[in-house]
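Visitor: I would like to go through this model term by term. Please set each value against its cut-off.

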Amino acid sequence: MFEAAKVGRTVSKADFKAQRDELRTQLLEVQRSLRDSHIPVIVIVAGVEAAGKGEVVNRLNEWLDTRGMQTFAFWDFSDEERERPRYWRFWRTLPPRGEIAILFGGWYLAPIEQRFRGACDDAALDAELARIVDFERALTHDGALVVKFWFHLSEPDQKARLKELSRDDRSRWKMLPKKSKFSEQYQLFEYVAERVIRQTDRGIAPWYLVEAEDKRYRDLTVGKTLLQAIRARLQQPLPTEPPATAEPLDLPESASAQITLLDQLDLTQTLAREDYKQALKQYQRELNELAWLAYTKQRTTVLVFEGVDAGGKGGAIRRLAHAIDARLYRTIPIAAPTDEEKAHHYLWRFWRHLPRAGNIIIYDRSWYGRVLVERVEGFANESEWRRAYAEINDFEEQLVENGSILLKFWLHVSEDEQLRRFQDRENTPYKQYKITDEDWRNREKWPLYKVAVNEMIARTSTEYAPWTLVEGNDKPFARIKVLKTVCDRLRAALNDDATPVPGSGIARCGYQSGDEAG
């Protein structure tokens, strides 16, 4: 694979000067066109040590308008990064639509380094590479352009370059001496790199192998390739592929053949007032103790509340919050996305809110809006909401892999009970803020939401993140079921010593604490 990057290509100083100014002009022009588009550009810069990756990035910052681009280097994990899923650090750096982000190593750095050090085997590396492919597919289908450069040197050229760098006191090489191990085992590093590139080279996010021996050739090649990639993306529609999930089953027309999971709920269940008071006191006291224990053990808790309008989400959340020290939790109400949120992938706003280890976050509505309200109301097209099931499952899997305790609740009431609550809100002055015209419009689409909820549960109730369906006609019953479920799940998770703790290190490529550097 790397033979084509060792053939000795060069560009003379005169040719470089002749092409440089025109290239820079064209890059600035295409960058201005990019600002008016809905396309974020993500440039991954990777390669062997001493290939001049930093020089290339500095050159791009010289040629482009830095007001529309940012550069990120992923060196040692910070404390706040160690306490969250690994991809959190990457989601934070994703550029808004119309801008460019250059990432040193990006999500490839940790897997390559850990496989090289023997911290994981080929199977673990392949599993992480499959996740990377899914991640890049999600970004490109959302409109992003992902351009990946791998800079390569022959072993003799690398040794000569390193000898030169070792005499330069300003060299990053001297500042990070532990990097020298890569050059000492050139063949092993090349083997790992080839495996990574081969398995993640896709038409929607291709790798470009750049020979790095001649600096002028290297820099012009990168600039011209980036220019061509952005131009091509500006001129073509989003890449398409078949829907990520199958069409729903074509059910017989009889009513008994079309029942859903929601139809199986026993909404007649109730809890006597005295029993409710006693259970509320018991579970709130237990939840307070468990919340502090989770904080001590550095286990994050993520609570997701979805449900029909007037289904009782707010009441259940208040009973939970009342039991927890305010320093340990945060409630995130999800409404229509802001302009800043619209400028990113829809999951971006949920990744950015993930708390540090040991804390609790409560989502009042969540990422499931993509497959519920956005699906039913037409805010997302079919391709977008169908591929969201896999994107959501991967997101939640990463939360759980990192040690988070994830609980998802769907609070349900009957159509008659919802109507009664709507009318009560309209007739009670201090409740009128809770009812809007949109609530009434959503009610008219009850059958469509019912189908959407059934498919959502079927496709996203996983072993690591199951849904809890809550019968909500009787508010006391629903609130106690939620509290009891949270306590039971927290207790079981906190007693499971086999579950990973954020920052503790796991034998899986891309997930290890320690001296990881970029």
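Visitor: Why does Leu 265 count as buried?

Guide: First, the ground rules. This is a predicted model, where local features need pLDDT of at least 70, side-chain atom pairs count only at pLDDT 80 or more, and totals for chains, interfaces and linings use all residues. Residues are numbered from 1 along each chain as its sequence is written, and side-chain values use heavy atoms, with hydrogens and water left out. Now the residue. Buried means under 20% relative accessible area, exposed means over 50%, and partly exposed is in between (1.4 Å probe, protein chains only). Leu 265 has 14% relative accessibility, so it counts as buried.

Visitor: Where does Leu 265 lie, and what does it touch?

Guide: Leu 265 lies in the loop between H11 and helix H12 (273-296). Helices (H or I, at least four residues) and strands (E, at least two) are DSSP runs, numbered from the N terminus. Leaving out residues up to four places away in sequence, Leu 265 touches His 412, Leu 469 and Glu 471. Contact here means heavy atoms within 4.5 Å. Leu 265 and Ser 414 are 149 residues apart in sequence, yet their C-alpha atoms are 9.8 Å apart.

Visitor: What makes Arg 365 partly exposed?

Guide: Its relative accessibility is 24%, so Arg 365 counts as partly exposed. Arg 365 is in the loop between strand S8 (360-364) and helix H16 (373-377). Its phi is positive, about 75°, although Arg 365 is not a glycine.

Visitor: Which value makes Ala 50 buried?

Guide: A relative accessible area of 10%, so Ala 50 is buried. Ala 50 sits in the loop between strand S1 (41-47) and H2. Ala 50 also has a positive phi, near 75°, in a residue other than glycine.

Visitor: How do you know that Gln 158 is buried?

Guide: The relative accessible area of Gln 158 is 2%, so the residue is buried. Gln 158 belongs to helix H7 (residues 155-165). Its side chain reaches the backbone oxygen of Glu 49 at 3.1 Å. Gln 158 and Ala 51 are 107 residues apart in sequence, with 7.3 Å between their C-alpha atoms.

Visitor: What joins the side chains of Glu 83 and Arg 356?

Guide: A polar contact of 3.2 Å. The term needs a pair of N or O atoms within 3.5 Å; within protein, one must be able to donate a hydrogen and the other to accept it, and residues adjacent in sequence count only if both atoms are side-chain atoms. Glu 83 lies in the loop between helix H3 (79-82) and helix H4 (88-91). At 18% relative accessibility, Glu 83 counts as buried.

Visitor: Why is H5 called oblique to H10?

Guide: Two packed helices are described by the angle between their axes and the distance between the axes. Helix H5 (residues 109-117) and helix H10 (residues 186-200) pack at about 140°, with their axes 10 Å apart. That makes H5 oblique to H10. Angles under 35 degrees count as roughly parallel, over 145 as roughly antiparallel, 65 to 115 as roughly perpendicular, and the rest as oblique. The axes are lines fitted to C-alpha atoms, for helices over the stretch in contact, and angles run from 0 to 180 degrees between N-to-C directions. Ile 112, Arg 115 and Phe 116 in H5 meet H10 residues including Leu 188, Phe 189 and Tyr 191.

Visitor: What makes H2 oblique to H11?

Guide: The axes of helix H2 (residues 53-63) and H11 come within 10 Å and cross at roughly 55°. That makes H2 oblique to H11. Among the H2 residues that meet H11 are Glu 55, Val 56 and Trp 63.

Visitor: What is the largest nonpolar core?

Guide: A nonpolar core is a set of buried Ala, Val, Leu, Ile, Met, Phe, Trp, Tyr and Cys residues joined through side-chain atoms within 4.5 Å. The largest has 110 residues, and those with the most contacts inside it are Trp 107, Trp 150, Tyr 363 and Trp 367. Helix H11 (residues 215-235) gives the most to this core, with seven residues. A second, separate core has 32 residues, including Leu 287 and Val 470.

Visitor: How many helices and strands does the protein chain have?

Guide: The protein chain has 21 helices and 10 strands. Of its 518 residues, 54% count as buried.
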